[in-house]
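Reader: I am new to reading ligand sites. Can we go through one together?
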Amino acid sequence: MTKNITESFSLEGKIALITGATYGIGFALATAYAAAGAKIIFNDRNQESIDKGLAAYGKLGIEAHGYICDVTDEVAVNSMVSRIEKEVGTIDILVNNAGIIKRIPMVDMSADEFRQVIDVDLNGPFIVSKSVIPGMIKKGGGKIINICSMMSELGRETVSAYAAAKGGLKMLTRNIASEYGKYNIQCNGIGPGYIATPQTALLRERQEDGARHPFDSFIVAKTPAERWGEVEDLEGPAIFLASKASDFVNGHILYVDGGILAYIGKQPE
Ligand code: NAP
Ligand code: GCO
């Protein structure tokens, strides 16, 4: 039996890389990991974003390490991971968070736009995971957490590329778990529901008359909790999946959605 149950959720001394964590969900998860004792490393695509991130972490008293790196660039990712190993240590926890969305009806979307979404949201997690796994194997284990989506399970108008990428990411998660579970690597996903971040700001914009955006009302009606999620809602689940408490949880997608996937929708009055 575990002697100290609180200790099994601690990330004391762990080294965590959270991709695209200058703001939004990645930043919130990184600050939660820091509070649980982990050393924080993040990357973004340019120096301006890194400086912005370092200032935001600094404000909270967190000494984060920031690296310029685009997750779709395999050479840059490999070089970042080697630098991290030399400068900070071997990564114990990887959160594949960096992601983009393009909301365009499928017949109007170019193949190039489709590829860009797949490249960041699916090839990115593949490239970063494959770079980090050998170090985890040498170290005796590790945790990989892929940020999936409602769109790993559901479709909707205008998000064909995003749904294809996030559905693929769910299966990449299961495959990493299948292939590397024997090395004490657990790879799980978090499927956030609709979370208030810059990525979803357009869907929450107030109308000129001050009324809610129709999509905003749609999401509130679709969610048993009757609200959008906040980034803080993802912190506990993310700590669980990064900690010893989840050592026998592998290949699972934990949906943190206020009940959306359980709900058929509001019945007529
Ligand atoms: P966000 O506010 O748009 O932040 C995304 C982050 O990823 C930004 O820091 C962005 O940096 C970075 N990024 C994008 N492309 C990158 C690349 N090629 N290389 C490195 N970094 C890159 O998004 P979010 O809402 O926090 O979402 C984070 C993750 O959760 C995404 O995977 C998203 O799909 C997923 N998600 C979000 C929601 C939601 O409701 N918000 C729900 C489910 C899943 P730049 O500033 O340089 O663009
Ligand atoms: C959309 C939204 C979603 C959410 C999220 C749902 O346009 O449908 O942006 O994709 O961001 O991924 O889990």
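Reader: From which domains does the shell around ligand 1 draw at least three residues each?

Author: Start with the ground rules. This is a predicted model, where local features need pLDDT of at least 70, side-chain atom pairs count only at pLDDT 80 or more, and totals for chains, interfaces and linings use all residues. Residues are numbered from 1 along each chain as its sequence is written, chains are lettered from A and ligands numbered from 1 in the order in which they are written, and side-chain values use heavy atoms, with hydrogens and water left out. Domain bounds come from an automatic or database domain assignment. Here the shell draws at least three residues from each of domain 1 (11–193 + 229–260) and domain 2 (196–228).

Reader: Which residues come nearest to ligand 1?

Author: A residue is near a molecule if one of its heavy atoms lies within 4 Å of it. Ligand 1 has 27 residues around it, and Ile 25, Arg 45, Asn 97, Tyr 162 and Thr 197 come nearest.

Reader: Which side-chain atoms of Arg 103, Ser 149 and Arg 156 lie by an oxygen atom of ligand 2?

Author: Look for polar contacts, pairs of N or O atoms within 3.5 Å. In Arg 103, a side-chain N or O atom is 2.5 Å from an oxygen atom of ligand 2. For Ser 149, a polar side-chain atom lies 2.7 Å from a ligand 2 oxygen. Arg 156 has a side-chain N or O atom 2.7 Å from an oxygen of ligand 2.

Reader: How much of ligand 2 does the protein bury?

Author: Accessible areas come from the Shrake-Rupley method with a 1.4 Å probe. Alone, ligand 2 exposes 330 Å², and the protein buries 97% of that.

Definitions and conventions:
Polar contact = N/O pair within 3.5 Å; in protein donor to acceptor, adjacent residues only side chain to side chain.
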